[in-house]
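Trainee: Please pick one part of this structure, the place where chains meet, and go through it closely. What holds there, and how does it relate to the rest?

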4 protein chains.
Amino acid sequence: MAEQKPVSGRQSDSQPDSRAKILAAAKDEFAQHGQAGARVDRIARQAGVNKAMLYYHFQSKDNLYRETVGEIIAGNLGKISKEVSQKSDLDELLNSLARKYAEFLGQDQMMRKMLLQELANPHPHVFDLMAETIVKSGLPNFVMTAIEAEMKSGLLRTVDLKHAVASFMAMNIGYILMSPIVDRVLRVTDKEQFHNERTEAVVDLFLNGVKKK
Amino acid sequence: MAEQKPVSGRQSDSQPDSRAKILAAAKDEFAQHGQAGARVDRIARQAGVNKAMLYYHFQSKDNLYRETVGEIIAGNLGKISKEVSQKSDLDELLNSLARKYAEFLGQDQMMRKMLLQELANPHPHVFDLMAETIVKSGLPNFVMTAIEAEMKSGLLRTVDLKHAVASFMAMNIGYILMSPIVDRVLRVTDKEQFHNERTEAVVDLFLNGVKKK
Amino acid sequence: MAEQKPVSGRQSDSQPDSRAKILAAAKDEFAQHGQAGARVDRIARQAGVNKAMLYYHFQSKDNLYRETVGEIIAGNLGKISKEVSQKSDLDELLNSLARKYAEFLGQDQMMRKMLLQELANPHPHVFDLMAETIVKSGLPNFVMTAIEAEMKSGLLRTVDLKHAVASFMAMNIGYILMSPIVDRVLRVTDKEQFHNERTEAVVDLFLNGVKKK
Amino acid sequence: MAEQKPVSGRQSDSQPDSRAKILAAAKDEFAQHGQAGARVDRIARQAGVNKAMLYYHFQSKDNLYRETVGEIIAGNLGKISKEVSQKSDLDELLNSLARKYAEFLGQDQMMRKMLLQELANPHPHVFDLMAETIVKSGLPNFVMTAIEAEMKSGLLRTVDLKHAVASFMAMNIGYILMSPIVDRVLRVTDKEQFHNERTEAVVDLFLNGVKKK
DNA sequence: GATGAATGAGCCTTCATTCAT
DNA sequence: CATGAATGAAGGCTCATTCAT
């Protein structure tokens, strides 16, 4: 009992306060094991706090999950819209967007895993939050508007706007979600390179797909 | 892994169900709750058998999961390749393929959910099985070959074959996986109609994307 | 693992089956500690079964409590009515009844404690059961009828029947419930003797109290 | 027991409440849930103070319980004796006493519940306090003396004094403790009226029971 | 006096798994 | 093949209590 834990004995002020530490640990645990597979003990241990502390700050495992996902989504999704929304050229816009998607989902496996899990077993609350955040970011609308404009000015073929945007999202995000299996099936040897080329390939296919001949 | 199970080669004839009933129940349970969230009790109860029976046929929850996924994949994926592989025209081939994907993943939520779960938390064994099955089906290769042929004959632009196929899969499968959120973000009101139009829209975009002007 | 526990290794047939053993252990535990203070671990250990077994037979601590109380009440209360209901003489009836009450509550501290606890923190379900069982036993009515008869025949004063019966119950049962403190306050030195005299003293006071002068 | 608590002799004046508020909250909580079922958090919250404050004033849950019970008993029991001890007539004395009992236990469910709980699971310390307080109040002795006097003067039959007093207490206090179930079994419809009549009915039965014919 | 944050121990409950029959 | 009963090992959550400020 009372084995000296190396670091802090009731930390004075340094650490980013235990609430944040729990959240960080929860992010890892939930991403790795899913909501059902996650273990409260592991989260607490990895956060370096007592298990009861976790229930002091969050009230249940379920609530911790929701707060964790909320944090992740709000944190990451916000970044995209800002940087993208100032492009005027469609080509540039799509490129910028595709790169952001890759960055957003590729850099941090957590985000990708949580997205997959929510798609598999949606939590209404979490789902609402995700959808709302994306819509608020203005991105889908922004892209649709840009395409529509060029369509009206006669540069593009007449295509269904929603299907077009859905396809663009799927080629980017959908691919990333599926990449482990797609890459394998297609015998992609140098994954890194393939992922780097991807942005360009997608935008190229898409633009040619919608442009007039 | 893959230890030779001594006994039954899918037992002879007496109680033809039991094993099958368990598998069916397991399919539902795993799809709804994921591997970690699934409960052996529920599977047994829903299958109408004793829990011990389940352990008699399958040896552990983990093994039951693997067999369940295997069954699903083998069962569903096999169907696609047969019907598709006899198309000669690229247009026809892609249409046929797109329709199969939709059918394959859309009709039965189970398949979609299991795929998402495996993508989120891959089991090497399951993953191997899926990839192997897809490759064996010959489909990706078949498509790549068909595109390559038309590319050589000068009908299509020069594009990276793997990226093209990846995009096609993503527009179809990736979209389906993400559809709950994509549909919502794009304010798709009549989902059924949208999904029905999808095949055509995808093939249209893709073909225009690769064709020469 | 698998430390040899002295007694039975999955008992064959002897013990009165674990359900009954749990119930017996629960009776002791709940009586000694109350519902809140009772510990499931202790009950299981004292019953010589695994904790999970307890949840297999009963579904929760709360339910175990209810079943335990039900068992006790049904078991004990039933005995009284049978033996009492055949007395014709009022004197004899009251004596017989008083003796049964003492026996019922005195012999088994469990019953007394559970009654006190239910009086302090009633569970609707348990309360219903107790009341119903008592009423069904026919005793209160039986006594009231007997008193009423003698009242009409002019042997007794005119008194309120319900108050009379309430007083009789209180002098018997109420005293037993309160005895630890009453005995102490009254400086009763030989408790056993006092309790033995009690029946007679109560019937004497009661009969004189209702008789005509 | 009764370790000298170093600090406050019921602190001077500054925050006169805090301690009192905790005691009030504790009274409710303990009465409603019993000692084991009571929750320190709830007491603190309902008292509007921090949990640590509670430990500052009282040193443990157990001690808080003891102080709470002590407070209640001392507070309530004291009142009875004063007002009763000046009656000279036995009839008047018993009536006055019966009314006090009803008031003492009936008005405030807390007292009734705590008494029941202590009877079910006695705490030596609390029990001592209760008994001592009652004895000190002089009441039992007072009643015994009054009865004895009338007995000697030939007005009453010769009965055992202790049994007589025990019966009187039981008819009053014992009835109140058991009233929820007694009333129900006897099909008492207007409880309030019944309780109001009770005093008279009890004294009447008792006096007739002890008087000479 | 007063507080928010922290903790160890324990509590009720559940789960995958096994055994005797 | 089939079952009811049994179990060890957690798993999530709570509780009385304490510490730094």
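Mentor: Between chain D and chain C, 19 residue pairs are in polar contact, both residues being at pLDDT 80 or more. A polar contact is a pair of N or O atoms within 3.5 Å; within protein, one must be able to donate a hydrogen and the other to accept it, and residues adjacent in sequence count only if both atoms are side-chain atoms. This is a predicted model, in which local features need pLDDT of at least 70 and side-chain atom pairs count only at pLDDT 80 or more, while totals for chains, interfaces and linings use all residues. Residues are numbered from 1 along each chain as its sequence is written, chains are lettered from A and ligands numbered from 1 in the order in which they are written, and side-chain values use heavy atoms, leaving out hydrogens and water.

Chain D and chain C also share 4 salt bridges. The term stands for a side-chain nitrogen of Lys or Arg within 4 Å of a carboxyl oxygen of Asp or Glu. One of these pairs D:R184 with C:D128, at 2.6 Å from N to O. On the side of chain D that touches chain C, two or more residues come from each of α1 (19-37), α6 (109-120), α7 (124-137), α8 (139-152), α9 (161-185) and α10 (191-210) of chain D. These names follow DSSP runs numbered from the N terminus, with helices as H or I of at least four residues and strands as E of at least two. The most comes from α9(D), with 18 residues. By class, this side of chain D has 34 nonpolar, 10 polar and 13 charged residues. Here Ala, Val, Leu, Ile, Met, Phe, Trp, Tyr, Cys and Pro count as nonpolar, Asp, Glu, Lys and Arg as charged, and the others, Gly among them, as polar.

In total, 57 residues of chain D are in contact with 57 residues of chain C, where contact means heavy atoms within 4.5 Å. The two chains bury about 4,900 Å² between them, with 69% of that on carbon and sulfur atoms. Buried area is the accessible area (1.4 Å probe) that two parts lose on being put together, summed over both. On the chain D side, the residues that lose the most area to chain C are D:H163, D:I181 and D:L186, together 14% of what that side buries.

Now take chain A and chain B. Their contact takes 57 residues from each of the two chains, and the area buried between them is about 4,900 Å², with carbon and sulfur atoms giving 69%. In chain A, the most area is lost to chain B by A:H163, A:I181 and A:L186, together 13% of what that side buries. The rule finds 4 salt bridges across this interface. Among the salt bridges is that of B:R157 with A:D204, whose closest N and O atoms are 3.0 Å apart. Another joins A:R157 to B:D204, also at 3.0 Å from N to O. That pair runs from helix α10 (residues 191-210) of chain B, which holds B:D204, to the loop between α8 and α9 of chain A, which holds A:R157.

Polar contacts between chain A and chain B come to 20 residue pairs, both at pLDDT 80 or more. The side of chain A that touches chain B draws at least two residues from each of α1 (17-37), α6 (109-120), α7 (124-137), α8 (139-152), α9 (161-185) and α10 (191-210). Its largest share, 18 residues, is that of α9(A). This side of chain A divides into 34 nonpolar, 10 polar and 13 charged residues.

The same surface serves both copies, since 100% of the contact residues of chain A recur in chain B.
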